[in-house]
Amino acid sequence: MTTTPRTAKSVLGVFAVSLLASTLLTGSMALHSVPQAFAQGTITAIDPTKGFSSLAEHVMPSVVSVEVKYQPAAADGMDGAGEMPPQMKEFLEQFPQFRDRFQGPRGGQRGNSAVGSGFVISEDGYVVTNNHVVKDASTVKVTFEGGKEFDAKVIGTDSKTDLALLKITSDTKFDYVPLTTKDAKVGDWVMAVGNPFGLGGSVTAGIISARGRDIGSGPYDDFIQIDASINKGNSGGPAFNLEGEVVGVNTAIFSPSGGSVGIGFAIPASVVKNVIEELKADGTVTRGYLGVQIQPVTADIAESLGLEKAEGAIVSALSGDSPAAKAGLKQGDTIVTANGETIEDAKDLSRTVAGLKPGKSVPIEIVRDGKRQTVDVEIGTMPREAAKMMGSAEDKKKSGFDLSDLGLSVTRAPDGAGVQITDIDPKSEAAQRGLKTGDIILEISGKEIASAGDIENALKNVKGKKVLMLVRSGDNQSYITLPRDQG
């Protein structure tokens, strides 16, 4: 299991644009298959100082355009908001000969066709692309260099990693390109090949800018960031290393304008390989499941728990019949290792557990009440939709009391579990940390809260300058920390 590097930072608050193929009406894009000798790894690495022409010659034939047809249905427009991007309007004004290859929204309906990219990974015609390229497709066609076209069927998709596996419906033996088993390193050269804006096979080059990027697209984000120019229509296309191996599948871009600014995101080959193997075998992906809500351990939380450093994932809630609950895990436990793997943060735990085989018993090391202990958990199978955890809404008599030293006024929660915030000082630390009227405080420093007396006793026993609270907001629970004294 590949662990996200500690130095990699999450990409927060950015406009990460999925490279949606559904923005374009296809023309026939010319692509075909790769020489067999190259697919078997007999080609040596190129010298980038002498250009990429030999690499492009060998790999471009393995990259296909993926044409998808839909039944007419309401959906997004060309820029995901119902309008053609200004850059595309300007492009078509300068080059009107391409106008018939693009389709804007008509009457709020999704176009009947779209294009993306993909690449052949096996002699018998399996093709990797993005889930969002083929989602809801009624028919799929792939086109090779030279214009040769084949029908294809969707074998399986995985929305959580945005991957899909296609099978070309032909007995033809296809040449292919391999997925690398080597770790991509920051600074390595990459060459992206794809079908930007439906214009046909295009090659761009750059380097790996970062690894372990979290762009908020899903629970298993672990993207490679590259600066090779990629645009809409490149979705599902490969990024190659200098040996002609696929290091990633181009999936999204960071773009304030909708066009490439040299920040693209690719799914690592290691993730692709695991997901595609499952899709090929079963048409779906089975993931391990603990049944917990988790959050990162911040420096403040680490201090309040007496941890030496901010690492691991803290359990903020459990479903009643989950594998974690059956094994004895509790709210407030901090998971620091799983199956022998060090857990650096909440995302790391999600990826590690997802990669475990359901039914397998694995050791989970936790910190509880400042002490380390190990609990054996039998990994479950992730359900299609995790059950939402929320309390009942029985209306009970409310008796208000004050918690002014934390900038809060609270009352007994409707179901008797915890206290509900009735007023909050907008200038308080509590408001700045995201607490709001209606939120329910369930615990303070590991002690369940149901009354004013519980709060007073819990605050008396707080060690240090931070107060750790378990708070329920809507359907979610999370831990926050507040300063012991406000003023």
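1. How many of the residues of β7 are buried? In this predicted model, 6 of the 6 residues of β7 are buried, so that the strand is mostly covered. Leu-163, Leu-165 and Lys-167 point one way from β7, while Ala-164, Leu-166 and Ile-168 point the other way, and all are buried. In a regular strand the side chains alternate between the two faces of the sheet.

2. The pairing of β7 involves β4 and β6. With β4 (126-129), β7 runs antiparallel and is joined through 4 bridges, and Tyr-126 has Lys-167 of β7 as its bridge partner. With β6, which spans residues 149-158, β7 also pairs in the antiparallel sense, over 6 bridges, and here Gly-156 stands opposite Leu-165. The hairpin of β6 and β7 has 4 residues between the strands, and Asp-162 takes a positive phi near 60° in this hairpin.

3. The largest nonpolar core holds 32 residues, of which Phe-119, Val-128 and Val-272 touch the most other members. Two or more residues are given to this core by each of α2 (53-59), β4 (126-129), β7 (163-168), β8 (189-194), β12 (246-254), β13 (264-268) and α5 (269-282), and the largest share, 5 residues, comes from α5.

4. The contacts of Val-272 deserve a separate entry. When its neighbours within four places in sequence are left aside, Val-272 is in contact with Val-128, Leu-163, Leu-179, Val-249 and Ile-267.

5. Asn-339, which is not a glycine, has a positive phi near 55°, and its place is in the loop between β17 (334-338) and β18 (341-342). Because its relative accessibility is 28%, Asn-339 counts as partly exposed. Asp-369, likewise not a glycine, has a positive phi of about 55° and lies in the loop between β19 (361-368) and β20 (371-378). At 76% relative accessibility, which is over the 50% cut-off, Asp-369 therefore counts as exposed.

6. For the protein as a whole, there are 10 helices and 28 strands, and buried residues make up 50% of the 487 residues. Among contacts with a separation of 6 or more, 64% are accounted for by residues 24 or more positions apart. The accessible surface comes to about 22,200 Å², and 48% of this surface belongs to carbon and sulfur atoms.

Terms used: Residues are numbered from 1 along each chain as its sequence is written. This is a predicted model: local features need pLDDT of at least 70, side-chain atom pairs count only at pLDDT 80 or more; totals for chains, interfaces and linings use all residues. Side-chain values use heavy atoms; hydrogens and water are left out. A nonpolar core is a set of buried Ala, Val, Leu, Ile, Met, Phe, Trp, Tyr and Cys residues joined through side-chain atoms within 4.5 Å. Buried means under 20% relative accessible area, exposed over 50%, partly exposed in between (1.4 Å probe, protein chains only). Contact means heavy atoms within 4.5 Å. Accessible areas come from the Shrake-Rupley method with a 1.4 Å probe; for residues, only the protein chains shown count as cover. Two strands pair if DSSP finds at least two bridges between them.
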